[in-house]
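Subject: Handover of a structure and a summary of findings

Dear colleague,

I am passing a structure on to you with this email. Please look through it first; a summary of what was found follows below.

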Amino acid sequence: MLSSGYESETWATLRFGREGVPVTHWENLIGSARSADIRVEREDVERVHAVLKRDVDGSWTLFDVFGRGGVWVNGDAVPAGGTVLQSGDAIKLGRTPLHLYDMSEEKRDKLEAKRSVAGKSVSPALTLLELTAFELLLLLQHLTTAPQERPVQIALGFAVLILLEWFCYYAMRLIGRSGFEVETIAFYLTGLGLSVTASSAPQDMFKQTVLILAAFVLFLLLGLWLRSVRRAEKTRLAAAALALGLLALNIFTSDSLNGAKSWLQIGGFSFQPSELVKVAYVYVGAATLEKLYRRRNLLGFIVFSAVCVGALALIGDFGTALVFFICFLVISFLRSGSIATVFLAVSGAAMAGFLAVSIKPYIARRFATWGHVWEDVYGAGYQQTRALGAAAAGGLFGKGAGGGWLTEVVAADTDMVFAVLCEEQGLIIALCAVLAVLTLSFFAVRTARRGRSAYSSIAACAAVTMLMAQMALNVFGTLDLLPFTGVTFPFVSRGGTSLLACWMMMAFIKGSDTRRGGSFAVSPVAELLRPAAKGEKKGGGGA
């Protein structure tokens, strides 16, 4: 994931004077700032002057940013709704002339053929074979420690997971996709989570297996849905309404558990709406901030973020509220160097103040316990002292799957699952789980720089921010390095709603992977160039 080629796709060329700059994104900020996608260093060009956007049909549209420096196309000022460009049109930013030249299909095919193929550095099949061997060893350990009436359920769960992995691999190969690293990491962490369920609640293995299948289906469906950025933009208001509806349902009808009203009971099943709201938040935030040059989008996202964090504070789910706030700050700085970003950051600070005021007494007690868990090992520090002791007892290689005792402590398989991994699988495997999430983060940041659309880049970075924040709060809270917030470890903690949300987050990461053959969530270049070629025939050389 971190060593393969990441050559940018080239869609057009923007020329000013003798200089020609390749256009490598579908949404491009044009200006003199270093953070601009297309940098034009001229005195009369603002730091962020214009936005150049490509649609899926191959057409290019130019937008003026806040109307500060003036943008003209063929002598006419660009209106608020933007101007559709034809290849070769004369553009002026202030007094600086530019020309946009759309790339021909033939030249584009030649460039595409030179790009590196995903999955070439390390064989996906070999990696998946090693993962399968690891999961079979986990299963063997569980079969020796499981209660007499549970081995069949445990074996069935691992068998379904392994078959699902290989089905996914061959399905991707069948449609010409060679990038399988993201799925491999997700399956690795899911396998660890299945092991945790087999240790702590073997009677729930069938339900956990069904949830894994459902999570994978949602991953595929969301990935296919995200192939159309326009579709995501049009449905962002519906996604926001759904998220707010889930939070309202949470506030007025949910049951309180450990001080937080974060669980809903329906038909004997319990789920956390806030986990699904995470997906909606990324979906809405990326679709809104993808158009930073529109003020109303900034205000709308700020209000939506404030309502989400405020609702979570009322529910008492401090950990999830903190994850949302961290994600908000990261999204805010994705377009650094603009007044809009500063405004968002200030708004985030205001939300943090509101969050601090809204802290409930049981959360305040957790803060008071932070760093002092050994002073009250039978009271406030009971869970964490047991977690620290069990983690230390596991050593480097652990006691074996199902061989630990920490799972008998309340919330050990969710809020303190890192200690369960340390005890049963050892410090090495537990650190591998942490490194897996870190690898996803580096991968998302690296691919986001070369993403086609701002939507996919922002969504991928926001998704890994959610995962990173959850992991950090879970690990550091378990080890008493941070206050204990009760946040799950992505994929590994037992809990169906969290698993569904994590797999759906992976769809955002896949959507940013523009490597050749890298992602099923990204349309092939040939498919995107065909409409552009038709447009050239109709419009006499236009994009």
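I begin with a detail around one serine. The backbone oxygen of lysine 510 lies 2.6 Å from a polar atom of the serine 519 side chain. That side chain of serine 519 also reaches the backbone nitrogen of alanine 521, at 3.0 Å. Please bear in mind throughout that the model is predicted.

Serine 519 is found in the loop that runs between helix 17 (496–511) and helix 18 (525–539). Its relative accessibility is 2%, so serine 519 counts as buried, the limit for that class being under 20%. When neighbours within four places in sequence are left aside, serine 519 is in contact with Arg177, Lys510, Gly511 and Asp513.

The chain as a whole

The chain has 543 residues, and 56% of them are buried. Its secondary structure comes to 18 helices and 14 strands. Among contacts between residues at least 6 apart in sequence, 68% join residues at least 24 apart. The chain exposes about 22,600 Å², of which carbon and sulfur atoms supply 63%.

Salt bridges

Side chains of opposite charge can pair when their charged atoms come close. The count of salt bridges in this model comes to 11. Two of the pairs involve arginine 494, and they are described here in turn.

Aspartate 204 forms a salt bridge with arginine 494, with the closest N and O atoms 3.1 Å apart. This pair links distant parts of the chain, 290 residues apart: aspartate 204 belongs to the loop between helix 4 (181–200) and helix 5 (205–225), and arginine 494 to the loop between helix 16 (454–478) and helix 17.

The side chains of aspartate 413 and arginine 494 also meet in a salt bridge, at 2.6 Å from N to O. Here too the pair links distant parts of the chain, 81 residues apart, with aspartate 413 in the loop between helix 13 (382–394) and helix 14 (417–424). Are these two partners buried or partly exposed? Aspartate 413 is buried, with a relative accessible area of 9%, whereas arginine 494 counts as partly exposed at 26%.

A further salt bridge joins the side chains of glutamate 275 and lysine 278, at 3.1 Å from N to O. Both residues lie in helix 8 (residues 273–289), 3 residues apart, which is about one turn of the helix. Glutamate 275 and lysine 278 are both buried.

In soluble globular proteins, nonpolar side chains tend to be buried together. The largest nonpolar core in this model has 115 residues, and those with the most contacts inside it are Leu189, Tyr281, Tyr455, Phe489 and Phe508. Helix 16 provides the largest share of this core, with 13 residues. Apart from this core lies another, of 23 residues, among them Ala12, Trp26, Val45 and Leu85.

Which residues does phenylalanine 508 touch? Not counting residues up to four places away in sequence, its contacts are Leu222, Leu226, Val279, Val282, Tyr283, Tyr455, Ser456, Ala459, Ala460 and Ala463.

Isoleucine 185

Isoleucine 185 has its place in helix 4. It is buried, with a relative accessible area of 12%. Beyond residues up to four places away in sequence, isoleucine 185 touches Met1, Ala436, Thr439 and Leu440. The C-alpha atoms of isoleucine 185 and methionine 506 are separated by 9.9 Å, although the two residues are 321 residues apart along the chain.

Finally, Leu396, Phe397, Leu427, Ile428 and Leu431 make a nonpolar surface patch of about 470 Å². Leucine 427 lies in helix 15 (residues 427–448).

With kind regards

Key. Residues are numbered from 1 along each chain as its sequence is written. This is a predicted model: local features need pLDDT of at least 70, side-chain atom pairs count only at pLDDT 80 or more; totals for chains, interfaces and linings use all residues. Side-chain values use heavy atoms; hydrogens and water are left out. Patches are made of residues with over 30% relative accessible area and no salt bridge: like charges are joined within 9 Å, nonpolar side chains (Val, Leu, Ile, Met, Phe, Trp, Tyr) within 5 Å. Accessible areas come from the Shrake-Rupley method with a 1.4 Å probe; for residues, only the protein chains shown count as cover. A salt bridge is a side-chain nitrogen of Lys or Arg within 4 Å of a carboxyl oxygen of Asp or Glu. Helices (H or I, at least four residues) and strands (E, at least two) are DSSP runs, numbered from the N terminus. Buried means under 20% relative accessible area, exposed over 50%, partly exposed in between (1.4 Å probe, protein chains only). A polar contact is a pair of N or O atoms within 3.5 Å; within protein, one must be able to donate a hydrogen and the other to accept it, and residues adjacent in sequence count only if both atoms are side-chain atoms. Contact means heavy atoms within 4.5 Å. A nonpolar core is a set of buried Ala, Val, Leu, Ile, Met, Phe, Trp, Tyr and Cys residues joined through side-chain atoms within 4.5 Å.
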